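Reader: Could you walk me through this protein and tell me where its labels come from? I would like to see each word set against its rule.

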Amino acid sequence: MRTILITGPGGSGRTTVAAATALRAAADGTRTLLLGADTTDTLGAALGTGTGPAPAEAAPLLTTWRPDAAARFRDDLTAFQTRAANVLDLLGASRLDAEEVTPLPGAAELSFLRALRDAALSERYDLLVVDLPPLPQALPLLALPEELRRYLRRLLPPERQAARALRPVLGRLAGVPMPADWLYETAARWDVELAAVEAVLTDRTTAVRLVAEPGPAGADAVRTAALGLALRGLPTEALIANRVLPDAGDGTWLAGLLSQQRKTVDAWQESYDVHRVPHLGRDPHGTDDLTALAVPAVNPAPAPVEWPVTDRIAEDGVLVWHIPLPGALRDELDLIRRGDELVITAGPFRRIVPLPSALRRCTVAGAGLREDELSIRFAPDPGLWPAAGR
């Protein structure tokens with residue numbers, strides 16, 4: 001299944017474009033699922049038919065689904081209380097009834113990610129169109145599975161499960177109880193679920209469509225988003241210039257705004273596959289309006305983002321790791337080597353990535369940013385690198 005993630009600045013019309021994209025794919029004969037993240041039915045307002053927690057047909061070959069995060073959180077918490085019943089009883093804890101549970105901060109995001117995983121693993125559809133939250137929420141959401149998995153591995157390393165038989169002894173020696181089996185089992189289950197979500201996001205067929213209204217604010221948002229997406233290795237399949245005004249005479253009051261839009265679109269075309277979506281003069285509502293937007297068809301074979309390592313040992317004595325970072329500024333870049341990981345900070349974004357196996361036996365020899373690409377040089381460590389002829 002192809003997955004298209006759609007996001008943009010708040011108020012850019014991303015939900016309308018997501019609905020139009022899904023409708024276009026379904027009209028082209030593709031079994032499509034449109035997944036929405038908004039708690040209010042903005043998707044339904046665009047489609048002209050309601051969406052909700054149960055998948056429903058909105059048009060031929062088009063199914064919509066807007067998961068209920070609160071209900072899913074209540075179900076998860078109830079299941080957790082049942083699983084941890086013995087521990088809770090020992091602590092004298094009073095269990096929560098489902099009716100008194102309200103979602104905690106972050107619960108909606110985790111619930112939506114699980115819904116995304118379930119949707120992507122479904123065999124009923126060929127295309128998944130995801131209406132993500134606005135960019136300030138979407139970028140951290142896309143980073144969440146990888147970061148949570150890293151936290152789990154650090155706090156509850158899987159290899160420690162091998163010492164189950166020693167836990168009672170260790171507990172007596174240390175004077176504190178060791179983690180119970182159920183804790184490791186829960187962590188392992190979470191890791192599997194997060195890995196499935198991460199697999200969807202990092203799949204070579206997953207891509208992003210950015211939606212923005214041409215202008216200074218939209219240009220700034222796209223520049224920031226492109227950097228954040230690149231750091232996560234997510235390709236931008238298309239940039240949708242939304243609400244583009246029709247040509248108007250120089251004497252109209254729209255002339256200045258139209259000139260601003262043209263300037264922004266021209267600049268975008270230097271770096272992106274830009275598609276203009278017209279302003280209808282009203283908020284699109286219903287399938288006829290969405291069809292009139294004429295959004296582009298989904299590219300069946302997106303170009304994946306590559307982070308290649310080139311061998312320059314013969315020429316320069318180094319291996320070079322190439323990381324594309326469009327829009328990055330040299331003064332806002334920072335690199336820290338932590339064992340077999342590299343901490344990359346680019347503007348407001350940070351990611352901790354494992355080093356490719358060959359680079360783990362090297363030391364960092366320098367780095368440079370040129371033409372939107374970060375090149376990190378690694379020199380082989382003589383103590384770890386196999387000598388020639390050995």
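Author: What follows is a set of questions and answers about the words used for this structure.

Reader: What should I know before we start?

Author: This is a predicted model, where local features need pLDDT of at least 70, side-chain atom pairs count only at pLDDT 80 or more, and totals for chains, interfaces and linings use all residues. Residues are numbered from 1 along each chain as its sequence is written, and side-chain values use heavy atoms, with hydrogens and water left out.

Reader: What pLDDT does the protein average?

Author: The average is 87, and 85% of the residues score at least 70; pLDDT is the predictor's confidence in each residue, from 0 to 100. Over residues 169-178 the pLDDT is below 50, and this stretch has four contacts in the model beyond near neighbours in sequence. A contact here means heavy atoms within 4.5 Å.

Reader: How many helices and strands does the protein have?

Author: There are 12 helices and 15 strands. Both are DSSP runs numbered from the N terminus: helices are H or I with at least four residues, strands are E with at least two. In the protein, 68% of the contacts with a separation of 6 or more are between residues 24 or more positions apart.

Reader: What makes helix 5 and helix 6 roughly perpendicular?

Author: Two packed helices are described by the angle between their axes and the distance between the axes. The axes are lines fitted to C-alpha atoms, for helices over the stretch in contact, and angles run from 0 to 180 degrees between N-to-C directions. Helix 5 and helix 6 pack at about 85°, with axes 10 Å apart. Angles under 35 degrees count as roughly parallel, over 145 as roughly antiparallel, 65 to 115 as roughly perpendicular and the rest as oblique. The pair is therefore roughly perpendicular. E109, L110, F112 and L113 of helix 5 make the contact with L141, L144, P145 and L148 of helix 6. Sorted by class, this contact has seven nonpolar, no polar and one charged residues. Ala, Val, Leu, Ile, Met, Phe, Trp, Tyr, Cys and Pro count as nonpolar, Asp, Glu, Lys and Arg as charged, and the others, Gly among them, as polar.

Reader: Why is helix 6 called roughly parallel to helix 9?

Author: The axes of helix 6 (residues 135-155) and helix 9 come within 11 Å and cross at roughly 5°. That angle makes the two helices roughly parallel. In this contact, L135, L139 and L142 of helix 6 meet A221, A225, G228 and L229 of helix 9. Its residues divide into six nonpolar, one polar and no charged.

Reader: Which residues of helix 9 are buried?

Author: Among them are G218, V222, L227 and L231. Buried means under 20% relative accessible area, exposed over 50%, and partly exposed in between (1.4 Å probe, protein chains only). Helix 5 has buried residues too, including F112, L113 and R114. Buried residues make up 42% of the 390 residues in the protein.

Reader: Why is E306 called partly exposed?

Author: Its relative accessible area is 44%, so E306 counts as partly exposed. E306 sits in the loop between helix 11 (287-292) and strand 9 (309-312). Not counting residues up to four places away in sequence, E306 touches R204, H322 and P324.

Reader: Why does E371 count as exposed?

Author: E371 has a relative accessibility of 73%, so it counts as exposed. E371 also has a positive phi of about 50° although it is not a glycine. Most residues other than glycine have a negative phi.
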